[in-house]
Amino acid sequence: REPDITSATDGGKYVVWDDASARPSLHDSQEIAPSLTGVFEAGGIECRPAFQLLADLVGPYTPDRVASITGVPAETVQDLAFEYATMKPAISYRGMGLQRTFHGDITFRAISTLAAVTGNMVPEYPRTFAPNIKGFIRAGGRCTFVPVLEMYDAMAGESQHPVKALFIAKHNLLNQIPEASRIRNQLFPNIEFIVVADLFMNASAQYADIVLPACSFYEQTNLHMPPGGSPGVHSYLQLQQRVIEPLPDCRTDTEIARGIGRRMGYGEYFEEGDEDFIEVLLASEYPSMAGVTLDSLKQGPVSLPPFEVPAFMTPSGRMEFYSEKLVDQGQALPVYIEPLESTAGRQASGEKYPLVFLNAHTRYRTHSVFANVASLRVLDAEPLLEMNPIDASSREIANGDMVRVFNDRGRAQMRARVHAGIMPGVVNVNQGWWPEDFAEGSHQDLTHAVINPAQKAVYEPNAALYDVAVEVEKVREGH
């Protein structure tokens, strides 16, 4: 290392190779010409710029190799790459599905990296409303967040923040998070006290010690934001104003929280009403919230204003596709890693669980909401396991047969829907069905809650609901 940059790099600054002086230099030095490619020596250490490391990484991934991994023809891969790089501007719309795979974060990084190297970055994205969430939730500075997948160990008493009681609101826990059979059979029995506040006696409420009747949105005042600032949905901040008084015995979530807060000795944080809480949320001083007040929201929705945000909120102020945090995980760059429960080659090798199991979203429900609406059940009567005729034929399964989908974690039983609209090697049951809708088990009995350490190192681990391997068999009479 060069003597003049050692102390700076120890302080977290990046180093580049300056072509003009043929020596390493700090990235924020004046009048330098950083080299993007090449192999250099600094202080006896062989060094490569991040872009060179990226080029070295992608070199072996020829169109034919990509085709063998993805199942997409090599010509299509090549054509798509050419069109994306040359037909500007190009935007990749990233939905939530990618994050439901075990290494979905790497896919997100790869998409961003492609945008960077082809000049398709959008400097003002994301734009969204940013309320004062931390100031609202951590009013007393006494809040510890436990990510959902780390809650399993917490409920088992195997973490530094053991959970002995659960208060579940606005969430059908047993239906929407993975490995429901483990929660139901091992973790819930370990919890001393469970409270559920909901409109309906759903799967989670059936395991509660106390069920509190919650209010519908007609009965409460709330703040509604566009989901993630997504322009594909809407870009308005809206005030939801109470239309009717709460029905008998029903309470809003904030009323319930206020009552519990007072009884636990934290009454000073729960003196305000709903509108006071909303004003706290609005006081974030974020550019998008400028001029937004409770009074202005009472006049109608407020749209996102035009405002500048930093192009890259990174230590260097630049697009960074090399992550120092993930070097130890072997993921400093957006590498390709096989799915956790990869089924590649399983059918040929005769392994136990050769099928990819998905639980996709459907137009008839929002997660598990509306699954109990009779008019929608006319259109979507029961859970069905979609499978390709090739996979069905080899298992002697016909359309409408009762089938059992299973793995080492659990099983679910339902009718088969055989059609060519789903790929061979893949099966799907639309998510959100309640356990009682299945002849046996549920779709979440098959999923897993394995934690990805790389995601934990950066933010928090996701639930890999689309990274699940299963087998399917026909249910025969008497079995």
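This report describes the fold, cores, strand pairing, surface patch and selected residues of a predicted model.

Local features require a pLDDT of at least 70 and side-chain atom pairs count only at pLDDT 80 or more, whereas totals for chains, interfaces and linings use all residues. Residues are numbered from 1 along each chain as its sequence is written, and side-chain values use heavy atoms, with hydrogens and water left out.

**Overall dimensions**

The chain has 479 residues, of which 37% are buried; buried denotes under 20% relative accessible area, exposed over 50%, and partly exposed the range in between (1.4 Å probe, protein chains only). Its C-alpha trace spans about 75 × 65 × 45 Å along the principal axes. The accessible surface comes to about 27,000 Å², with 55% belonging to carbon and sulfur atoms; areas follow the Shrake-Rupley method with a 1.4 Å probe, and for residues only the protein chains shown count as cover. The secondary structure comprises 16 helices and 17 strands, taken as DSSP runs numbered from the N terminus (helices: H or I, at least four residues; strands: E, at least two). Of the contacts (heavy atoms within 4.5 Å) between residues at least 6 apart in sequence, 64% join residues at least 24 apart.

**Nonpolar cores**

A nonpolar core is a set of buried Ala, Val, Leu, Ile, Met, Phe, Trp, Tyr and Cys residues joined through side-chain atoms within 4.5 Å. The largest one contains 22 residues, and Leu166, Phe188 and Ile194 have the most contacts inside it. At least two residues of this core come from each of helix H7 (151-155), strand S5 (165-169), helix H8 (173-176), helix H9 (180-187) and strand S6 (193-198). H7 gives the largest share, 4 residues. Beyond its neighbours within four places in sequence, Phe188 contacts Leu166, Ile168, Leu173, Leu174, Ile183, Ile194 and Tyr207. Another core, of 19 residues, lies apart from the largest one and includes Phe357, Ile397, Val403 and Val468.

**Strand pairing**

Two strands are paired if DSSP finds at least two bridges between them. The pairs below involve strand S9 (residues 236-240).

| Pair | Direction | Bridges | Bridge partners |
|---|---|---|---|
| S8 (residues 222-224) and S9 | antiparallel | 3 | Asn222 and Gln240 |
| S9 and S10 (residues 302-303) | antiparallel | 2 | Tyr236 and Ser303 |

**Surface patch**

Ile133, Phe136, Ile137, Phe145 and Val280 make a nonpolar surface patch of about 410 Å². Patch residues have over 30% relative accessible area and no salt bridge, with like charges joined within 9 Å and nonpolar side chains (Val, Leu, Ile, Met, Phe, Trp, Tyr) within 5 Å; a salt bridge is a side-chain nitrogen of Lys or Arg within 4 Å of a carboxyl oxygen of Asp or Glu. Helix H6 (residues 133-137) supplies the largest share of the patch, 3 residues. Ile137 belongs to H6 and is partly exposed because its relative accessible area is 40%.

**Two buried loop residues**

Leu149 lies in the loop between H6 and H7 and counts as buried at 5% relative accessibility.

His27 lies in the loop between strand S2 (23-26) and strand S3 (40-42) and is buried, with a relative accessible area of 13%. Under the corresponding sequence exclusion of up to four places, His27 touches Tyr14, Val15, Val16, Ile32, Ser316 and Arg318.
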